[in-house]
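Visitor: I have a model open and would like to talk it through with you. Can we take it piece by piece?
Guide: Gladly; here it is.

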Amino acid sequence: MAFPLPRGITPPEISFLAEMEMVTVLPRQRLDGLELLGGSLPTLLPPRRTTLPLWLALLLKRQRRANILPPPWLHPESLELILEIETQNDEYQHAFSPPPPLPGQPTLAHRDRDRDRAVAAPVPRYTPDGDKYYPTPPFLPQNVARDHIPPGEPPALPFHWLEVGTMLLDAASDDLVEPDQTRRLLKELREVRTAKIRSGVEVLDAAAVGGGGVALTGVGAMEVGEGRGFIAGVVDGLRRIGASKEQARREELAEEMANGGYDASQDYEDDMEF
Amino acid sequence: MSYYDIDAILTDAQKLPCTFELDVPGLGVLEGNPGENIKAGTRIDLPLWLGEMLSIGARLGTSRLVTLDIPSALSERVMNAFKADPRTVDLRSLAPHFYSLSERILELFEEEEMVEILSNTFKKRAAEIADHAHNPQGALGQGADFLRGLDETERQLFRVAHDSAKQTRIWAGETKKK
């Protein structure tokens with residue numbers, strides 16, 4: 001408690017992490033490739049599009065050496081659509097709009113239309129040591145520009161949507177389509193989603209005693225960072241109030257089991273005893 | 001709860017009504033007359049840490065020294081007020097460390113219903129706290145009465161919710177850093 005820094009990570013730290021996201025740039029000048037610890041960067045040749053980390057893209061943009069191509073979701077039309085899902089769709093009244101699908105995961109539209117058709121298996125990648133791995137969200141290119149979006153794939157907000165969106169609006173607003181409109185939509189989305197987090201407090205007790213909970217699928221990094229302290233505090237408070245009841249329940253359960261109840265979960269229960 | 005947690009120490013100091021079951025020679029200092037004896041049946045408010053220790057005889061099977069009572073902060077009257085509307089109760093005037101106290105009390109007494117009522121109260125009030133914490137005028141406007149009635153646990157919640165909202169606003173450039 002006496003530690004001066006707040007628990008969890010602060011908003012500047014979250015946006016620092018978001019700068020690792022890859023974005024597409026259109027270089028205006030030739031630049032030799034760079035060998036960095038995080039991997040080498042390709043040579044920039046003016047008419048050719050290249051994928052770079054956001055931090056470098058922003059740096060080059062500020063020096064007027066590149067233009068950033070906005071990701072498909074950061075477009076007024078996509079944002080309107082997501083906002084509509086968030087506000088109008090009954091299914092998402094208390095949940096966030098679905099996140100972008102993982103590789104190998106069916107998109108929403110597919111899931112509804114052809115449930116039976118097998119989804120293309122995800123493409124594995126290889127580490128420098130030759131180990132196979134499947135990349136997951138922070139390492140998936142969710143913010144690169146795409147020429148062709150397959151039909152039936154609705155626009156979705158990536159994990160770092162708020163940070164990437166805000167940073168691009170700050171530094172590269174002239175590269176975006178209708179920046180003012182985009183800014184307004186981002187703000188609205190943020191308000192809608194904050195309200196959803198807040199209404200989730202009402203059902204948090206279910207999360208504390210187990211069995212229930214709040215659906216946080218599709219939540220953004222900044223939203224987690226903002227809600228962390230409060231939500232964790234509420235859940236902990238409820239846990240402490242309910243501790244004696246939980247204790248009684250455990251004892252009852254142990255007694256039941258000692259009296260010759262089913263012993264299938266005996267080992268598991270033993271672990272839970274204090 | 002840590003050894004050095006000041007809130008835990010202050011919770012320990014909260015008073016608990018106790019009734020002595022036995023005559024205790026020389027303990028009159030608790031009642032305010034040093035040197036005298038305490039008679040069986042005397043009711044005194046003792047701090048939580050002392051009352052808890054003195055009542056421990058019951059658990060060891062010997063006759064106990066004192067019996068504990070539920071403190072006034074958690075009386076039937078207060079529970080009824082919680083059932084009516086959790087938001088209007090001034091927790092701070094009941095006990096500055098209301099939830100920590102009730103947590104300790106619930107360890108000593110088996111009160112299923114009280115757990116229900118308190119969980120519900122905490123949840124309802126937490127939602128209200130979140131609203132006040134996100135609203136910059138909350139501390140000055142109409143919410144002032146509610147905020148003054150928060151207990152220590154709730155104050156910490158308010159602070160953490162307020163700070164994280166503020167930091168995010170600073171990051172987004174909506175407010176200036178002070």
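## Burial, cores and pairing

Guide: Of the 178 residues in chain B, 31% are buried, and please keep in mind that this is a predicted model.

Visitor: How many helices and strands does chain B have?

Guide: Chain B has 9 helices and 3 strands, and read from the N terminus its elements follow the order α-β-β-α-α-β-α-α-α-α-α-α.

Visitor: And what share of its contacts with a separation of 6 or more comes from residues 24 or more positions apart?

Guide: In chain B that share is 64%.

Visitor: Which residues of helix 6 of chain B are buried?

Guide: The buried residues there are Phe98(B), Tyr99(B), Ser100(B), Leu101(B), Ser102(B), Glu103(B), Arg104(B), Ile105(B) and Leu106(B). Because 9 of the 11 residues of this helix, residues 98–108 of chain B, are buried, the helix is largely enclosed by the rest of the structure.

Visitor: I also clicked on Glu128(B). Is it buried or exposed?

Guide: Glu128(B) counts as buried, because it has 20 C-beta neighbours inside 10 Å, and 20 is the number at which a residue is called buried. Glu128(B) sits in helix 7 of chain B, residues 112–134.

Visitor: What does Glu128(B) touch?

Guide: If residues up to four places away in sequence are not counted, Glu128(B) touches Arg87(B) and Phe146(B). As for Phe82(B), which is 46 residues from Glu128(B) along the chain, the C-alpha atoms of the two are separated by 15 Å.

Visitor: Now the strands of chain B. Which way does strand 1 pair with strand 2?

Guide: Strand 1 and strand 2 of chain B, the latter covering residues 43–47, pair in the antiparallel sense over 5 bridges, with Lys15(B) standing opposite Pro47(B) of strand 2. Strand 1 of chain B also runs antiparallel to strand 3 of chain B, residues 66–68, to which 3 bridges join it, and there Thr19(B) has Thr67(B) as its bridge partner.

Visitor: Which residues make up the covered face of strand 1 in chain B?

Guide: In strand 1, residues 15–20 of chain B, the covered face consists of Leu16(B), Cys18(B) and Phe20(B), whereas Lys15(B), Pro17(B) and Thr19(B) form the uncovered one.

Visitor: What does UniProt place at residues 4–55 of chain B?

Guide: An unreviewed UniProt entry places the feature "domain: DNA replication complex GINS protein PSF3 N-terminal" at residues 4–55 of chain B. In the model, that span is 27% helix and 21% strand, and its end C-alpha atoms lie 25 Å apart.

Visitor: Over to chain A, then. What is the strand order in the open sheet there?

Guide: The open sheet of chain A has 3 strands in the order 4-1-5, with antiparallel pairing. Strand 4 (50–53) and strand 5 of chain A are at the edges and have a single partner strand each, so one side of each is left without a neighbour in the sheet. From one strand to the next the twist averages 50°.

Visitor: How many bridges link strand 1 and strand 5 of chain A?

Guide: Strand 1 and strand 5 of chain A pair over 4 bridges, in the antiparallel sense, and Leu26(A) stands opposite Asn67(A) of strand 5. Helix 2 of chain A lies across strand 1, strand 4 and strand 5 of chain A, and runs at about 105° to strand 4.

Visitor: How many residues does the largest nonpolar core have?

Guide: The largest nonpolar core has 31 residues, and those with the most contacts inside it are Val23(A), Val25(A), Leu54(A), Ala57(A), Ile68(A), Val164(A) and Leu168(A). Helix 5 of chain A gives the most to this core, with 5 residues. Apart from this core lies another of 30 residues, including Leu91(B), Ile105(B), Leu106(B) and Ala133(B).

Visitor: What is Leu54(A) in contact with, leaving aside its neighbours within four places in sequence?

Guide: Leu54(A) is then in contact with Ala18(A), Glu19(A), Glu21(A), Val23(A), Val164(A) and Met167(A).

Visitor: Last topic: how many residues of each chain are in contact with the other?

Guide: 26 residues of chain A are in contact with 27 residues of chain B. On the chain A side, the largest share, 10 residues, comes from helix 8 of chain A, and by class that side has 12 nonpolar, 8 polar and 6 charged residues.

Notes
Residues are numbered from 1 along each chain as its sequence is written. Chains are lettered from A and ligands numbered from 1 in the order in which they are written. This is a predicted model: local features need pLDDT of at least 70, side-chain atom pairs count only at pLDDT 80 or more; totals for chains, interfaces and linings use all residues. A nonpolar core is a set of buried Ala, Val, Leu, Ile, Met, Phe, Trp, Tyr and Cys residues joined through C-beta atoms within 7 Å. A residue is buried if 20 or more other C-beta atoms lie within 10 Å of its own, exposed if 12 or fewer, and partly exposed in between; C-beta atoms are placed from the backbone. Helices (H or I, at least four residues) and strands (E, at least two) are DSSP runs, numbered from the N terminus. Two residues are in contact if their C-beta atoms, placed from the backbone, lie within 7 Å. Ala, Val, Leu, Ile, Met, Phe, Trp, Tyr, Cys and Pro count as nonpolar, Asp, Glu, Lys and Arg as charged, and the others, Gly among them, as polar. UniProt positions are given in the numbering used here, feature names are shortened, and annotations may be inferred rather than shown by experiment. Two strands pair if DSSP finds at least two bridges between them. Axes are lines fitted to C-alpha atoms, for helices over the stretch in contact, and angles run from 0 to 180 degrees between N-to-C directions.
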